[in-house]
Amino acid sequence: MILIAKYIVIFFGVFLISVGSLMLFRPQKAREYLRKAGSNNLINYVEITIRMIPAAGLIIYSEFSKYPEIFKILGWFMIATSLILYLVPRRIHHRYALWCADILTPTYIRLTSPFSILFGSAIIYSVL
């Protein structure tokens with residue numbers, strides 16, 4: 001179980017780096033994906049459920065990471081916010097995603113991309 005959790009966390013770091021790269025090199029595509037958040041029941045609930053997988057990985061692997069408390073806090077935060085999102089009506093979630101996509105111009109998306117890349121790198125570093 002620990003080994004599976006480790007690879008889930010590594011995959012989560014790679015995912016964050018990939019998202020950051022998408023934001024940097026294809027910000028319009030990143031905006032397009034953001035606009036789809038909560039757009040229908042399938043996307044909404046699959047998105048929320050999938051984000052609980054790396055959250056569980058962070059919690060399970062926390063004691064073996066370089067920063068156990070941070071991993072636990074982040075994992076439980078992701079679980080808690082996922083559970084809250086299950087209770088938020090899908091239409092509100094989707095409206096919020098559209099609002100964010102309108103505010104985040106391609107320039108702003110590019111400017112925030114290094115945070116995703118650095119965060120993903122930090123997660124991988126904390127595991128290896």
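These legends accompany several close-up views of a predicted model.

**View 1. The largest pocket and the residues that line it.** The largest pocket of this predicted model has a volume of about 1,600 Å³. Its lining is made up of 37 residues, and those closest to the centre of the pocket are Phe15, Val19, Leu34, Glu47 and Arg51. Two or more lining residues come from each of helix H1 (2-25), helix H2 (27-36), helix H3 (41-61), helix H4 (68-87), helix H5 (90-103) and helix H6 (106-127).

**View 2. Helix H1 and its buried residues.** Helix H1 has 24 residues, and the distance from its first C-alpha to its last is 35 Å, which is close to the 34 Å expected at 1.5 Å a residue. Along this helix the buried residues are Ala5, Val9, Ile10, Phe12, Gly13, Leu16, Gly20 and Met23. The elements that cover these buried residues of H1 include H2, H3, H4 and H6.

**View 3. Helix H3, from its start to its buried residues.** At the start of H3, a side-chain oxygen of Asn40 comes to within 3.0 Å of the backbone nitrogen of Leu42. The helix itself has 21 residues and reaches 31 Å between its first and last C-alpha atoms, close to the 30 Å expected at 1.5 Å a residue. Its buried residues are Asn44, Ile48, Met52, Pro54, Ala55, Gly57, Leu58, Ile59 and Tyr61, and these residues pack against H1, H4, H5 and H6.

**View 4. His94 in helix H5.** His94 counts as buried because its relative accessible area is 18%, and the cut-off for a buried residue is under 20%. When residues up to four places away in sequence are not counted, His94 touches Arg35, Lys36, Ala37, Gly38 and Ser39.

**View 5. Ile109 in helix H6.** Ile109 is also classed as buried, because its relative accessible area is 5%, and the cut-off is again under 20%. Once neighbours within four places in sequence are left aside, the residues in contact with Ile109 are Met23, Pro27, Ala30, Arg31 and Leu104. Ile109 and Gln28 lie 81 residues apart along the chain, while their C-alpha atoms are separated by 8.7 Å.

How values were computed: Residues are numbered from 1 along each chain as its sequence is written. This is a predicted model: local features need pLDDT of at least 70, side-chain atom pairs count only at pLDDT 80 or more; totals for chains, interfaces and linings use all residues. Side-chain values use heavy atoms; hydrogens and water are left out. On a 1 Å grid over the protein atoms alone, a cavity is a set of points where a 1.4 Å probe fits but cannot get out, and a pocket is an open set with protein on both sides within 12 Å along at least five of seven lines; lining residues have an atom within 4 Å of a point. Grid points are joined across faces, edges and corners, and a volume is the space filled by probe spheres set on the points. Helices (H or I, at least four residues) and strands (E, at least two) are DSSP runs, numbered from the N terminus. The expected span of a helix is 1.5 Å times one less than its number of residues. Buried means under 20% relative accessible area, exposed over 50%, partly exposed in between (1.4 Å probe, protein chains only). Contact means heavy atoms within 4.5 Å. A polar contact is a pair of N or O atoms within 3.5 Å; within protein, one must be able to donate a hydrogen and the other to accept it, and residues adjacent in sequence count only if both atoms are side-chain atoms.
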